[in-house]
Amino acid sequence: TFMHTVPSAPHPFLRLFGRRLATFWSRQSLAGRFTIASLAVLGCGMTLLGAWVSSRIEEGVLYNSASSAALYINTFIDPQVQELAKGPNLRAETIAKLDELLNTAPLRRKVVGIKIWSLDSVILYSNKKEEVGRKYPPSWRLQEVMKGRIVGSFDTREAENSLERKLGLPLFEIYTPIRANDSQSIIAIAEFYENGTELKSNLARTRLYSWFVVALVTLLMLSILF
């Protein structure tokens, strides 16, 4: 049998809203219609632009902060773990030296936690000893660092960050490659955590300023067009 489906009628509320919208539009002067249309077009365009600018600023700030922190930390860490160029594990003496370094004033003020990963995603060193020897699926951050990049973010939702999350702080997580002195090839990955309270506050303030400028420019453009 052939069944013919009859389109359902629009909801009464939608019909009423459509009629009122058409009445409102017809009552507007040409200048009023232009203002409404311009506001809609400029609002959408500047919202997209504002979101893009804000994200680019955030990416730049995070990358610069991660790079400067990685350069500082690597001056302490890199010389201690060069033995990984010759073997897959750290000696007990090296682990003791890393523990001592982490407890010195310069690093203790800057670093909340630290891990050293092998290239097959095994934790070779951590200031939380229960994590040593654990293997996790490689996150996108580890994969990026294996390509020689430095990665920094506030996202600590992976399983391997469960102990750090218990600190209750906004942690800025930084991954940086450790290179062999002779060949400059990547032999391990250093991951460390900074207290990101101040950095997160600065980012929020920067985002607010960028959106304020975008809104101001949008209103200025609309005023000039009108």
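The protein chain contains seven helices and five strands, where helices (H or I, at least four residues) and strands (E, at least two) are DSSP runs numbered from the N terminus. Read from the N terminus on, the elements follow the order α-α-α-α-β-β-α-β-α-β-β-α. The model is a predicted one, in which local features need pLDDT of at least 70 and side-chain atom pairs count only at pLDDT 80 or more, whereas totals for chains, interfaces and linings use all residues. Residues are numbered from 1 along each chain as its sequence is written, and side-chain values use heavy atoms, with hydrogens and water left out.

Of the 226 residues in the protein chain, 35% are buried, the term buried standing for under 20% relative accessible area, exposed for over 50%, and partly exposed for values in between (1.4 Å probe, protein chains only). The accessible surface of the chain comes to about 14,100 Å², and 64% of this surface belongs to carbon and sulfur atoms; accessible areas were computed by the Shrake-Rupley method with a 1.4 Å probe, and for residues only the protein chains shown count as cover. With contact taken as heavy atoms within 4.5 Å, 59% of the contacts between residues at least 6 apart in sequence join residues at least 24 apart.

L107 lies in helix α4, which spans residues 105–110, and L107 counts as buried because its relative accessible area is 2%. When neighbours within four places in sequence are left aside, L107 is in contact with Y72, I73, F76, L101 and L102. Of the pair L107 and F76, the C-alpha atoms are 8.7 Å apart in space, while the two residues are 31 residues apart in sequence.

F24 is found in helix α1, and F24 counts as partly exposed because its relative accessibility is 43%.

Side chains of opposite charge can pair when their charged atoms come close. A search of the whole structure finds seven salt bridges, each defined as a side-chain nitrogen of Lys or Arg within 4 Å of a carboxyl oxygen of Asp or Glu. In one of them, the closest N and O atoms of D99 and K129 are 2.7 Å apart. This pair links distant parts of the chain, with D99 in helix α3 (residues 92–102) and K129 in the loop between β2 (123–126) and α5 (140–146), 30 residues apart. D99 is partly exposed at 22% relative accessibility, and K129 is likewise partly exposed, at 41%.

A further salt bridge is formed by the side chains of K115 and E131 (3.6 Å, N to O). Here too the pair links distant parts of the chain, since K115 belongs to strand β1 (residues 113–117) and E131 to the loop between β2 and α5, 16 residues apart. K115 is buried at 0% relative accessibility, and E131 is buried with a relative accessible area of 1%. Salt bridges that share partners also join E144, K147 and R149 into one network. The side chains of R91 and E83 meet in a salt bridge as well, at 3.4 Å from N to O.
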